[in-house]
Amino acid sequence: MADPGIALFGGSFNPIHHGHLIIARAVAERLGVSRMVLVPSALPPHKRASELASAMDRLEMARLAVADEVGLDVSDVEVYREGPSYTFLTVEHYRRLLGPDVPLYWVIGGDTLPELHTWYRISELVEQCRIVTAVRPGYEELDLSPLGRVLSAGQIDRLREGILPTPLIDISATQIRRRIGEGRSIRYLVPEAVREYIESRGLYRELPAAAGAKSRPTH
Ligand code: ATP
């Protein structure tokens, strides 16, 4: 039987939340992959520590979130790699491990798809793996024309075909950090073990003035 392949789901996971996890499982089921691997990014040098928890904390929260969940794993490959967390390097690493024929997917949310032209070596990346997109509330109408600057029409068509009808989950890490900064509960937005970890480590209590600012690591 042919190998169903694996899916990689990268992000800052600052913190990981139920939006990520519901999407991860829905995409894994839809693609029929044997493994879905969450890949927390390293700490981008320009991020303030109060806005972005350390890579070790984000890695640990991701591990806590998927503990006991068969088929969902966490990779520390970006956390321990020197330099920016380029997706291209992570996919290259997995492609080398898997060989050329095993299906390899990279999962993103709908807000990320129109920004792909800014990613490092994106036109090679879309050939190394299949990028699939989970829909996200507020990002239903996507203008993919900027992608034409670096990708061919065929490559953009494939990205469009990779948009999957996943559940629409209106949860973001920005919203969670803001709630913590305001002293409000984040129960039900993140797994209980993650909530306890955030509380015990005192994460996100002091946000910078622009608390609503989205944190975007380098891809
Ligand atoms: P922030 O609010 O800090 O920007 P985030 O909630 O978008 O964080 P990230 O860790 O940046 O979380 O997201 C990693 C990937 O998961 C991105 O491709 C993002 O588009 C996707 N994603 C995150 N939350 C959702 C969601 N609720 N629905 C669909 N995709 C999501």
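Begin by selecting helix α7 (residues 192–201), which contributes three residues to the lining of the largest pocket, the most of any contributor. Helices (H or I, at least four residues) and strands (E, at least two) are DSSP runs, numbered from the N terminus. The model is a predicted one, in which local features need pLDDT of at least 70 and side-chain atom pairs count only at pLDDT 80 or more, while totals for chains, interfaces and linings use all residues. Residues are numbered from 1 along each chain as its sequence is written, and side-chain values use heavy atoms, with hydrogens and water left out.

**The largest pocket**

On a 1 Å grid over the protein atoms alone, a pocket is an open set of points where a 1.4 Å probe fits, with protein on both sides within 12 Å along at least five of seven lines; lining residues have an atom within 4 Å of a point. The volume of the largest pocket is about 160 Å³, counted as the space filled by probe spheres set on the points, which are joined across faces, edges and corners. Four lining residues are nonpolar, three polar and four charged. In this scheme Ala, Val, Leu, Ile, Met, Phe, Trp, Tyr, Cys and Pro are nonpolar, Asp, Glu, Lys and Arg are charged, and the others, Gly among them, are polar.

**The ligand and its shell**

Next, select the ligand. It is surrounded by 24 residues, of which the closest are Asp111, Arg136, Ile169, Ala173 and Thr174; a residue qualifies if one of its heavy atoms lies within 4 Å. This shell comprises eight nonpolar, eleven polar and five charged residues.

- Ser12: a backbone N or O atom is 3.2 Å from a ligand oxygen atom.
- His20: an N or O atom of the side chain is 3.0 Å from a ligand oxygen atom.
- Ala173: a polar backbone atom is 2.8 Å from a ligand oxygen atom.

On its own the ligand has 600 Å² of accessible area, and the protein covers 98% of this; accessible areas come from the Shrake-Rupley method with a 1.4 Å probe, and for residues only the protein chains shown count as cover. Two or more shell residues come from each of β1 (6–11), α1 (18–31), β4 (104–109) and α6 (173–181).

Now centre on Asp111, in the loop between β4 and α4 (122–128). Its side chain forms a polar contact of 3.2 Å with that of Arg136. Asp111 is buried, because its relative accessibility is 7%; buried means under 20% relative accessible area, exposed over 50%, and partly exposed in between (1.4 Å probe, protein chains only).

**Helix α2**

Move to Met61 in helix α2 (residues 55–66), which is buried at 0% relative accessibility. Met61 and Tyr197 are 136 residues apart in sequence, yet their C-alpha atoms are 7.2 Å apart in space.

**Backbone geometry**

Most residues other than glycine have a negative phi, and most peptide bonds are trans. Select Asn14 and Pro15, which are joined by a cis peptide bond with omega about 5 degrees; Pro15 lies in the loop between β1 and α1. Tyr188, in the loop between α6 and α7, has a positive phi near 80 degrees and is exposed at 71% relative accessible area. Finish at Tyr204, in the segment after α7, where phi is positive and near 65 degrees; Tyr204 is buried, with a relative accessible area of 4%.

How values were computed: A polar contact is a pair of N or O atoms within 3.5 Å; within protein, one must be able to donate a hydrogen and the other to accept it, and residues adjacent in sequence count only if both atoms are side-chain atoms.
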